[in-house]
Amino acid sequence: MSLAARAGAGDRNAFAALYDRHAARVHAFCERTLDSPHDAADATQQAFLGLLRRLRAPGREPVAEPAAYLYASARNACSRIFAARGRVDVTDAPPEPAPDPGPSAPEVSVLVASQRADVRAANRRLPARQRQALALRELGELSYAEIGDILEVDANAVAQLLWRARLGLRAGVRRAALDAVAPLAPACERAHALVAAGQDGRAPSGDDAAFLDDHLAGCRRCQA
């Protein structure tokens, strides 16, 4: 008998084993979606309570894939939390402290913490469905078909969501790196503006392109 079937029959140890097996990834999915450890814990709890009710409901079909059911339940829980937030824009939530990167040289620790903060900030700016698709793929290690079942879209739509999420994440991290370089002179300010425009799909042309090429050739700070 499977763990799910045993849990549905009232075996508490079996349900605890299901929790141990899936809780970390479900919580990671919720935290990526909601960008709040507190809300993620709440959504994770709701997902597991939903699974337990489903397993013990009389006359229901058995749950063949508990992980898929949990992710779908977690997605619904996240949607309810989004709705409860009302008009609050989740992208304006303050960033959580970056995890301790562990013992290392001080400058490496600072760099790793900064990079993690940049990635979290870039992820926070992605639309919720893109965050969900990316978390299911990278953290849950689910196939396109499995992600599609959870998000209720086809595999092609999943591919589009993942492509846009990765593109947005990459652009957000690059933009953060650019913002971290303080211009030293008016020429540097002009170069930064042109680089930022290029990252936004508005590549400089004509005199602006010639200026940028000349400036970057001689300014190591702006090359960074």
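How many nonpolar, polar and charged residues are in the lining of the largest pocket? The count comes to three nonpolar, one polar and four charged, where Ala, Val, Leu, Ile, Met, Phe, Trp, Tyr, Cys and Pro are nonpolar, Asp, Glu, Lys and Arg are charged, and the others, Gly among them, are polar. The model is a predicted one, with local features needing pLDDT of at least 70, side-chain atom pairs counting only at pLDDT 80 or more, and totals for chains, interfaces and linings using all residues. Residues are numbered from 1 along each chain as its sequence is written, and side-chain values use heavy atoms, leaving out hydrogens and water.

That lining is made up of A28, E31, R32, D35, V119, R120, N123 and L139. A pocket here is an open set of points on a 1 Å grid over the protein atoms alone where a 1.4 Å probe fits, with protein on both sides within 12 Å along at least five of seven lines, and lining residues have an atom within 4 Å of a point.

Axes are lines fitted to C-alpha atoms over the stretch in contact, and angles run from 0 to 180 degrees between N-to-C directions. On the α2 side F29, R32 and T33 meet R131, Q132, A135 and L136 of α6, contact being heavy atoms within 4.5 Å. That makes three nonpolar, two polar and two charged residues.

Then there are α3 (residues 37–56) and α4 (residues 66–85), whose axes come within 8 Å and cross at roughly 130°.

Key. Helix = DSSP H or I, 4+ residues; strand = E, 2+ residues; numbered from the N terminus.
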